[in-house]
Amino acid sequence: MHSKGKTPRAKPAPSIARNQRDPVISNLMTAIASVKITMNNRFTLKQRLRYRFDNGLARGIGAVLTWLGAITAILVLVVSALTWLFKLGPSDEPTSFLESIWLAAGRYLDAGTFTGDQASGYRVFSVLITLVGIFIGAAIIGLISSGLDTRLQELRRGKSDVIEGGHTLIIGRNAKLPSIISELVEANRSNQSHVIVILSPDDVVEVTDALNRDVTDMGNSRLVVRSGLPTRLADLLRMNPHDAKSIIVLNPEGEESNTYGVKVILALHKILGEASTVQVIAEIEGEDTSQALREVVGNRLIAISPTEIIARITAQTSRAAGLGLIYLELLDFDGDEMYAKLVPQNLVGRMFGELLLASSNSTIIGLQKTDGSVLLSPPLNTVIAAGDSVIGIAEDDSVFNMDLVPERWQPNEEKPFPAVEFKRERSLIIGWNQLAPRVIMEIEADVAPGSELVVLVNPELHNPALVATHINGLGLANQTLQLVEGDTIARASIVAATASGEFDHYIILCENPPFQIDEADARVLLSLMHLRSVHATTAGNIVTELRDPDDVELASIGDGDGDDFIVSQQLISLLLAQLSESPQLVEVFSDLFGAHGSGIAKHHFARYAPNNTATFAEIIAEARNSGVIAIGYQCAAAAGQPGFLAAGLRVNPPKNERITFSADDQVIVIAQRA
């Protein structure tokens, strides 16, 4: 009987699902095991050995040579052991195991050794090991030859490391590169082991062939070219920048932004670190970008703005005939350039004005203090301290000597330097580009009120109304603007622009953009030919801007009087080379090319040689009484003589050279700008 209210507990039913699942799982496991067996049996032993062999080959020649060496050792040992065990010698005479190794190795290395063997049993082993030696030897020779060929190809691709010290590292490539290399070669002719290293993304063979074509004389310098991305840390590290004397960073051709240069400079900073003293000279446009980079990198970065410098040189050389030739003389390493020389102990405590006559073959122009600061034309009463250096113009640093003891001198306060008198001038600018506003402002600073500015602009290239608005926005006070519309390469347009009369200065600007460099330079040359033809006897000087340094010689068709000058990127090349060799001169060049501070000027000789004749030492002594530094002179009668530039210009003459001046001759001085 069952109790009330309770139902009997049912027995659990058999687990049908589990019983049904067991065969499924069992079959699945069997299939997996079958797959594993199939996979294990898919590849034969031969395939596996071949796979191992291929992987070994992929590891390189070293691994293969190791294998061949191991096979050789095993074969020699096996043959030696068999001949020793079976007492098989060259003449059926038993040998020791070591002797067997020697005999086997000899037959392995020299195929002709076994010909002298007499015992038939030993001959079998000799022929066997000789044949194996022939095949393995051929394989080794082939591998070595292939390895050498591969290595040569890698070297030609420029992927190897640079193991140099004290080298000049140039990062990037553009049209300035050949000029820079030529100047570095000239600067290091007395250095027997100077190396110039170039890192470029271009093909090494192409770069090397181009440079060998453009730079025919490498002097005592050696060129090393490597290929890689200058913005990649690994490629920069291969150039060993830590041990470089200096680093020059060039922008790629056509690069109008600072993106490339900023990346390269930041990459160099990351590699070199904060403590490095390696100077980096780079092309960077814009003072804001340069200042931002200097805040990160420090003072070891020298940023050069090509646009700014070209604009200033264009304006300055247009206003002072012959000034461009003087700039070239100071910038290139062929002739006279600037160097620093430690002041000898016997001149410490003397005034800077006295040191102007302390060198017989160099012209003193500046001072480098012990804290590293450099002053061009410092106050003449500046007292020289121990450790100070003078900046001088000399033919070479090896001949720059402070070999004279100058007489005592005191500044003459009663003979102040005459104030510079500005005059009204007329300037004509043919063409328009980004340099034009800077050139106009440079002219504005050096002309008297009432001066005239005429601009010939092509309306098909530039909107005349926008150009006029841009010029008026400069706030000109000393110049009145006249805008002439016309084709800048048409003779009729140039005649119309010059119809109002003679100009004091003619400036032809390169229209790049919108034209590419080649076409833009060709247009400039056409404008120059028309201008020279229209005003063949003009008294005004002509300054022409060209972008390609190779085109400078095409434009140099003047009469050599020094009035006409070609401004090109070659000047930037010379400046970059100078600063890479003498980075302390950056402040000197900043003054020379700046709108303020000290600059080069030409004064009538009567101020410093009232009797029409004087030695250069006497001219220096008289010039310092007026607060200026004489660095040379211009005598028309000396034009064409050895040691003179065009138009009778001479920089850094010997102190004892006596000069006889004529009516319009001048003295070249460094003086404070107004």
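The structure is a predicted model, in which local features need pLDDT of at least 70 and side-chain atom pairs count only at pLDDT 80 or more, whereas totals for chains, interfaces and linings use all residues. Residues are numbered from 1 along each chain as its sequence is written, and side-chain values use heavy atoms, with hydrogens and water left out.

Helix α19 (residues 570-581) packs against α20 at an angle of about 150°, and their axes are 10 Å apart; axes are lines fitted to C-alpha atoms, for helices over the stretch in contact, and angles run from 0 to 180 degrees between N-to-C directions. Leu575, Gln578 and Leu579 of α19 meet Val586, Phe589 and Phe593 of α20 in this contact, where contact means heavy atoms within 4.5 Å. Of the 12 residues of α19, 10 are buried, that is, under 20% relative accessible area with a 1.4 Å probe and protein chains only, and among them are Leu575, Gln578 and Leu579.

Helix α20 (residues 586-593) also lies across β7 and β9, running at about 30° to β9. These strands belong to an open sheet of 4 strands in the order β7-β10-β8-β9, with antiparallel pairing; two strands pair if DSSP finds at least two bridges between them, and helices (H or I, at least four residues) and strands (E, at least two) are DSSP runs numbered from the N terminus. Because β7 (337-342) and β9 (374-376) stand at the edges with a single partner strand each, one side of each is left without a neighbour in the sheet. Within this sheet, Ile364 stands opposite Gly392 in β10.

A further open sheet of 4 strands, also with antiparallel pairing, has the order β17-β22-β19-β20, and its edge strands, β17 (598-604) and β20 (649-651), each pair on one side only. Ala601 stands opposite Val669 in β22. Helix α12 (residues 323-331) packs on this sheet by touching β17, β20 and β22, whereas helix α21 (residues 616-625) touches β19 (629-634) and β22.

| Strand | Partner strand | Bridges |
|---|---|---|
| β8 (residues 363-368) | β10 (residues 389-394) | 5 bridges |
| β17 | β22 (residues 666-672) | 7 bridges |

Definitions and conventions:
Buried means under 20% relative accessible area, exposed over 50%, partly exposed in between (1.4 Å probe, protein chains only).
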